[in-house]
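Hi,

Here is the structure I promised to pass on to you.

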Amino acid sequence: MPDWRQTLHLEPPRGWLNDPNGLCYFGGLYHVFFQYCPTHANGSGPKHWGHYQSPDLLHWTFTGAPLHPDTPQDKSGAYSGCAVPCGDTVRLYYTGNVKHTGPYDYIRTGREANTILVETPDGIHISPKQVLLTSADYPADCSLHVRDPKVWREDGIWKMVLGARSLADAGRVLLYHSDDGLAWRLARVLEPHPAFGYMWECPDCFPLEGRTWLSISPQGLPHGETENQNIYQSGYFELPGGIESGTPGPFTEWDMGFDFYAPQTFEAPDGRRLLIGWMGMPDADYHNPTEALGWQHCLTAPREVTAGAHGLRQRPARELDALADGAPSTIRNGTATLPLPCRLQGVAEGDFSLTLAGGLHLERDSGSGLVSLRFTRDFLGSGRTIRRAKVGNEPLRLDILVDRSSLEIYLNDGETVFSTRFYPDEPQVPLVAEGLPLAVQPLRPMEFCGMQKED
């Protein structure tokens, strides 16, 4: 069996991983929590929060699962949320999921969604839980799907956004204010007309370069050839006027690949805006063969987010540059065998094609301006087929992270990104490049400690 354990991406020692949660820098460390089912690689068991920490985004320690669904208010799962450094502790806000047994639809009946607070001095030890809001506290025209708090402080006010689904099956964001981060009052319901999907998950509101952005993961968007191709989407609006009164601009997807959902951002100590997403997709009709090995899914590499003329751009966090292992080599319309992990960079003037492992194709047709990511070997993609994006026919810059079972493809400085899992059957991956010179940079693996804690 090939070794599909990632070397540049956080994944669980065993079990299931999904949404990144509680992203922050505190006490000299980056903290990355994530929704975690340690007992079932298919995610069917109770959801906890797992935890990684790192001093530099390169050396990671897994400390276990500090947050458990162990009270009546979160007995069906510790669902997604956020982290806010506050003095000598970090506040963790999350959704406590409760599903009652009975003939319920779990949309209008049979569910509770509690906004809960705990504190931690180190990401490992957790305080007693405080229930701040229950389903009875949300607007009366909301369904029981209200979740995923994102909390921040702005101009002396604590603010929180929650994702929600209305009783009319329309996605929305609830904005709350607080004087202390404990007692909350509703400030605004942000819901576009006409409706844009039936549910908005994982909201994230943040300032960047003097502008305000609202990220959401909407469910129920109509699918197209180059937009909304996945089961569910993740993207952002610019909010001129801010979260208090702004009207969302056009929706732009974060990532056009097969495996990307539920991203969250946070601020690095030097002021950069960093993003991490779940390299997975709920309810997909494709799968991951690592499930049979006892674990499933990973997070994306940390990405720097900047604002450009055409929206937000993403690039691998600059810390990853330190993983370069020796001098790069150059392929010019030829073949090579890729060391894993590695990074590929180049500029395509017109049409180009890259083929990895004999069955994963990245191609640009400059006539239509479309870039496609296409699998022609089923084992390699495990049911994944094709994703497309419109990028035009100008020169196209490529920057690709290749790990043992994933690709992150950044085009034109991250104006367009494709993320996907893939499962080569050999430890080294053959590459065929046509239409561009391509620099191949071998990378050293990141260092991971503490993985035995859940074995």
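Searching the whole structure for disulfides (pairs of cysteine sulfur atoms within 2.5 Å) turns up zero. Cys-86 is in none, and the nearest cysteine sulfur, that of Cys-24, is 12 Å away. Cys-142 is also in no disulfide, with the sulfur of Cys-202 as its nearest at 16 Å. Cys-142 has a relative accessible area of 9% and is buried, where buried means under 20% relative accessible area, exposed over 50%, and partly exposed in between, with a 1.4 Å probe and protein chains only.

Before you go further, please note that this is a predicted model, in which local features need pLDDT of at least 70 and side-chain atom pairs count only at pLDDT 80 or more, while totals for chains, interfaces and linings use all residues. Residues are numbered from 1 along each chain as its sequence is written, and side-chain values use heavy atoms, leaving out hydrogens and water.

Now to the nonpolar cores, meaning sets of buried Ala, Val, Leu, Ile, Met, Phe, Trp, Tyr and Cys residues joined through side-chain atoms within 4.5 Å. The largest has 69 residues, and the members that touch the most others are Leu-344, Leu-354, Leu-356, Leu-362, Leu-398, Ile-400 and Val-402. Apart from it lies another core of 18 residues, including Val-84, Leu-117, Met-160 and Tyr-176. As for Leu-354, its contacts (heavy atoms within 4.5 Å) beyond four places in sequence include His-361, Leu-398, Ile-400, Val-432 and Leu-438.

Rings of Phe, Tyr and Trp (its six-membered ring) pair if their centres lie within 6.5 Å; planes under 30 degrees apart count as stacked, over 60 as edge-to-face, and the rest as tilted. There are 25 such pairs in the whole structure. One of them joins Tyr-36 and Phe-62, whose centres are 6.1 Å apart and whose planes stand at 90°, so this pair is edge-to-face. Tyr-36 belongs to strand β2 (residues 29-37) and Phe-62 to strand β4 (residues 59-67), so the pair ties together parts 26 residues apart in sequence. (Strands here are DSSP E runs of at least two residues, helices are H or I runs of at least four, and both are numbered from the N terminus.) Tyr-36 and Phe-62 are both buried.

Phe-237 and Phe-251 make a tilted pair, 5.4 Å centre to centre with 55° between the planes. Phe-237 sits in strand β15 (residues 235-238), and Phe-251 in the loop between β15 and β16 (252-253), 14 residues apart. Both Phe-237 and Phe-251 are buried. Ring pairs also link Phe-34, Tyr-36, Tyr-52, Trp-60 and Phe-62 into a cluster.

Two charges sit over rings, by the rule that NZ of Lys or CZ of Arg is within 6 Å of the ring centre and within 35 degrees of the ring normal. The charged end of Arg-5 is over the ring of Trp-295, 3.7 Å from its centre, and that of Lys-99 is over the ring of Tyr-106, 4.5 Å from its centre.

Pro-12 touches both Arg-5 and Trp-295, and its contacts also include Tyr-36 and Met-451. Pro-12 lies in the segment before β1 (15-26) and counts as buried because its relative accessibility is 0%. Its C-alpha atom is 9.5 Å from that of Ala-41, 29 residues away along the chain.

Finally, the strands, which pair if DSSP finds at least two bridges between them. An open antiparallel sheet has four strands in the order β13-β14-β15-β16. At its edges stand β13 (199-208) and β16, each with a single partner strand, so one side of each has no neighbour in the sheet. Eight bridges join β13 to β14 (residues 211-219), and Pro-207 has Thr-212 in β14 as its bridge partner.

Elsewhere, strand β31 (residues 406-411) pairs with β32 in the antiparallel sense over six bridges, with Tyr-410 opposite Val-417 in β32. Four residues lie between the strands of this hairpin, where Asn-412 takes a positive phi near 50°. In β32 (residues 416-421), six of six residues are buried. Thr-416, Phe-418 and Thr-420 cover one side, and Val-417, Ser-419 and Arg-421 the other.

Best wishes
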